[in-house]
Every structure is written in structure tokens, then in C-alpha cells.
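Dear colleague,

Please find below the structure that I am handing over to you, followed by an account of what was found in it.

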Amino acid sequence: MLILYLSLIDDEKDRSKFENIYYEYRERMFSAAFDVVKNNEDAEDAVQNAFVGIANNMNAIGDEYSKKTLSYVVKAAKNAAINIYNKKNKINTIEYDDELLISDNDFIDEITAKQKVDEIVDAIYGLKDTYKLPLYYYFVCDMKIGDIANLLGISTSAVKVRIHRGKKELLRLTGDDHDDK
């Protein structure tokens, strides 16, 4: 599986760094994922999903042996496990009931809202790391500002400023020219 992940990385230095991360943290990542999903198969899937995300975002990682990196990769595994858990529970709890049928208009509204959220998340991925990581953790992972500050190793004030500036940049990128003063 490591070869697959490494194929996602172009830079040789990043490949070496990723390989070190893989061997150093995969068991901790599995443990964090297992705590959420409570079974081996889903935990393994979560770790795999997390590693794909990490491989695609190697520029977010400095020293592969730092506490910041440990926190980042464990959080990635945990978030991937939460996504798997949520998907499984939604599938298992859907029941057919005439009273619960969604109208065509509500369906269109839901689909449109989902597409807008996906576009915003894609736009966040397009930002530079200074803004991408705080915005992603705050809006997508629903983390608190203090937790983001600890994870990124910066002050809460810096996180707030980066979120504010990142939102301005997102508005610029998405073509919405509202002044957010």
C-alpha cells in the first residue's frame, strides 16, 4: 500500500518524509480511527483515506517527527473515521415512510446547497496553507479556534486573523466581492 501512496507524491524529499510518517504513525492512526468506528475494517479504511489526504498535502507537514505532525496525522485518521462512521449510520437509519418523502423543490434546494458546500471546500483547498489549514479545520472539521491554534502551533489571535483573511480570499476566488470589514 505504501507504494500507492508514494506514487501520489512527486518530490523525492516528500516521499522520504511520507515514508517516515507512514512507519512512525500508522499504528497510532489506526488506534485513533478504531476508537471512532469500533471495527478493524473501517479503521483500516479510515487510515488509508487519511494517508491519501496526507500524501496529497505534504506541503502542510514540516518536521515529520514533531508533535504538530503527530497531531495532524492522528486528527486526519480520526476525521476519516468519523466520515466513514457517519456514512454508515446514514445508510443504516434510512427508512421508507410516505410522510418523510422530500418534495422536488426541497430536493433541489438540498442538492444545490450540497454543491455549494463542495465548491467552497474545493476553493479552500486552492488557498495557500496559511489560510487553507485554519479554514479547513474550522469550517470542515468543526474544530474550535483554540484547538486549531494548538494543532498548528500558533496563537489563537493568529488563527482568527488567518480565518478572517482566508474568508476574504475565498470571497475573492469565488467571485463574491462583498467587503468583509
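Asp129 and Lys132 are both buried. Their side chains form a salt bridge, with N and O 3.1 Å apart. Both residues belong to helix 6, where they sit three residues apart, about one turn of the helix. Please bear in mind that this is a predicted model.

Lys132 also has a polar partner: its side chain and that of Asn57 are joined by a polar contact of 3.3 Å. Asn57 is found in the loop between helix 3 (40-56) and helix 4 (67-93). With a relative accessible area of 11%, Asn57 is buried, because anything under 20% is classed in that way. Apart from its neighbours within four places in sequence, Asn57 is in contact with Tyr72, Asp129, Lys132 and Leu133.

**The chain as a whole**

The chain contains eight helices and zero strands, and along the sequence its pattern reads α-α-α-α-α-α-α-α. Of its 181 residues, 31% are buried. The accessible surface amounts to about 12100 Å², and carbon and sulfur atoms account for 49% of that surface. Where contacts between residues at least 6 apart in sequence are considered, 60% of them join residues at least 24 apart.

**Further salt bridges**

Another links the side chains of Glu12 and Arg15, at 3.9 Å from N to O. These two residues are three apart in helix 2, so about one helical turn separates Glu12 from Arg15. Glu12 is exposed, at 56% relative accessibility, whereas Arg15 is partly exposed, at 27%.

A salt bridge also joins Glu169 to Arg172, and here the closest N and O atoms are 2.5 Å apart. Glu169 and Arg172 lie in helix 8 (residues 156-173); because they are three residues apart, about one helical turn lies between them. Glu169 is partly exposed, with a relative accessible area of 24%.

Tyr138, Phe139 and Val140 make a nonpolar surface patch of about 250 Å². Phe139 is located in helix 6 (residues 129-140), and its relative accessibility of 44% places Phe139 among the partly exposed residues.

Which residues of helix 7 are buried? In this helix, which covers residues 145-152, they include Ile148, Ala149, Leu151 and Leu152. Viewed down the axis of helix 7, the buried residues fall within an arc of 165°, so they line one face of the helix. Just after helix 7 comes Gly153, which has a positive phi of about 70°.

**A positive phi outside glycine**

Lys38 has a phi near 65°, a positive value in a residue other than glycine. Lys38 is placed in the loop between helix 2 (12-37) and helix 3. Its relative accessible area is 57%, so Lys38 counts as exposed.

With kind regards

Technical notes. Residues are numbered from 1 along each chain as its sequence is written. This is a predicted model: local features need pLDDT of at least 70, side-chain atom pairs count only at pLDDT 80 or more; totals for chains, interfaces and linings use all residues. Side-chain values use heavy atoms; hydrogens and water are left out. Patches are made of residues with over 30% relative accessible area and no salt bridge: like charges are joined within 9 Å, nonpolar side chains (Val, Leu, Ile, Met, Phe, Trp, Tyr) within 5 Å. Accessible areas come from the Shrake-Rupley method with a 1.4 Å probe; for residues, only the protein chains shown count as cover. A salt bridge is a side-chain nitrogen of Lys or Arg within 4 Å of a carboxyl oxygen of Asp or Glu. Helices (H or I, at least four residues) and strands (E, at least two) are DSSP runs, numbered from the N terminus. Buried means under 20% relative accessible area, exposed over 50%, partly exposed in between (1.4 Å probe, protein chains only). The arc is that of the directions from the helix axis to the C-beta atoms. A polar contact is a pair of N or O atoms within 3.5 Å; within protein, one must be able to donate a hydrogen and the other to accept it, and residues adjacent in sequence count only if both atoms are side-chain atoms. Contact means heavy atoms within 4.5 Å.
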